[in-house]
Amino acid sequence: MADPTEELREKIMLSCRMLAMEGMVDRITGHVSARIADSEDIWIRCRSPQEDGVRYTTVDAIQRVDFDGKGPHKSEQYQAPNELPIHGEIYKMRPTVGCVIHAHPPEALICGITELKFRPIFGAFNIPAMRMALEGIPVFPRSYLVTRPELAAPMIEIMGEKSLCLMKGHGITVTGKTVEEATVRALNFNILAKATLQAAQTGRSAPDISPEDIEKLPDLGSTFNDSWIWRYYARKLKEEDLRLSDRADT
Ligand SMILES: [Zn+2]
């Protein structure tokens, strides 16, 4: 039987590659982590001297550390991300969080620095993304690098119980119970950020959808929202990776 801890490690690798494939992380910045069951440890995407970008994340780059980025398991050649406290401090404060994603997506960046508001401007097009806008997205107004626990604390306070925070001039932090949930949530938010930015760029107004329409939109459930959409991206990634390796061979 497959080792669930190793399976979790592989899912983080896939999540990193998916986020990069979809343009949510740029070059070598951005990281995904997950809580390891029955431990005070996490898996987190680390960097080595051979680093070549989040798009090409390997399983080896996912290393086991404690909430402070330390512990006996991490290989010497790997370095935990500078912004590990974003992950570690969330795991300390929010026991139900199983996965944390930190990324620097360009469209969300522009929405943040131009102070565009995320509003429910579409409905059935992407119901979870509409609900994120409807429920409100916390904005952390500082744009520093989160290198110490005390720098993560005010962001986590602003985030509250929400599963996503826009960090102005910096990026986003997304949480979920599982890697699949957090990843699909981040990807849905990216669709909202793109739509918000592109609607603003048309120069036309994009009114909120009506409360009557919002009320009629169903919750499609976690199979639809997480499992199927995750599998779509996993397949797309596999196909794209095959194409890339074919090209590298010729
Ligand atoms: Zn960052």
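Modeller: The expected span of a helix is 1.5 Å times one less than its number of residues. For the 23 residues of α6 this rule gives 33 Å, and the end C-alpha atoms of α6 are 33 Å apart, so the two values agree. The model is a predicted one.

The helix belongs to a chain with eight helices and seven strands. The radius of gyration of this chain is 18 Å, close to the 18 Å from the globule rule for 250 residues, so the chain is as compact as a globular protein of that length. Buried residues account for 40% of the 250 residues. Of the contacts with a separation of 6 or more, 70% are between residues 24 or more positions apart.

Just after α6 comes Gly 203, with a positive phi of about 80°.

Next, the sheet. Its seven strands form an open sheet with mixed pairing, in the order β3-β2-β1-β4-β7-β6-β5. The edge strands are β3 (62–66) and β5 (139–140); each has a single partner strand, so one side of each has no neighbour in the sheet. Helix α6 packs on this sheet and touches β1, β4 (99–103), β6 (164–167) and β7 (171–176). The direction of α6 makes about 145° with that of β7. Of the strands that α6 touches, one is β1; β1 (residues 31–35) runs antiparallel to β2 (residues 41–45), and three bridges join the two. In one of the pairings, Arg 35 has Ile 42 of β2 as its bridge partner.

Another helix also meets α6. The buried residues of α8 pack against α1 (4–21) and α6. These buried residues are Asp 226, Trp 230 and Tyr 233. Helix α8 (residues 221–249) has 29 residues and reaches 42 Å from its first C-alpha to its last, close to the 42 Å expected at 1.5 Å a residue.

How values were computed. Residues numbered from 1 in each chain as written. Predicted model: local features only at pLDDT ≥ 70, side-chain atom pairs only at ≥ 80, totals over all residues. Helix = DSSP H or I, 4+ residues; strand = E, 2+ residues; numbered from the N terminus. Rg over C-alpha atoms; globule rule 2.2 N^0.38 Å. Buried ≥ 20, exposed ≤ 12 C-beta atoms within 10 Å, placed from the backbone. Contact = placed C-beta atoms within 7 Å. Pairing = 2+ DSSP bridges. Axes fitted to C-alpha atoms, helices over the stretch in contact; angles between N-to-C directions.
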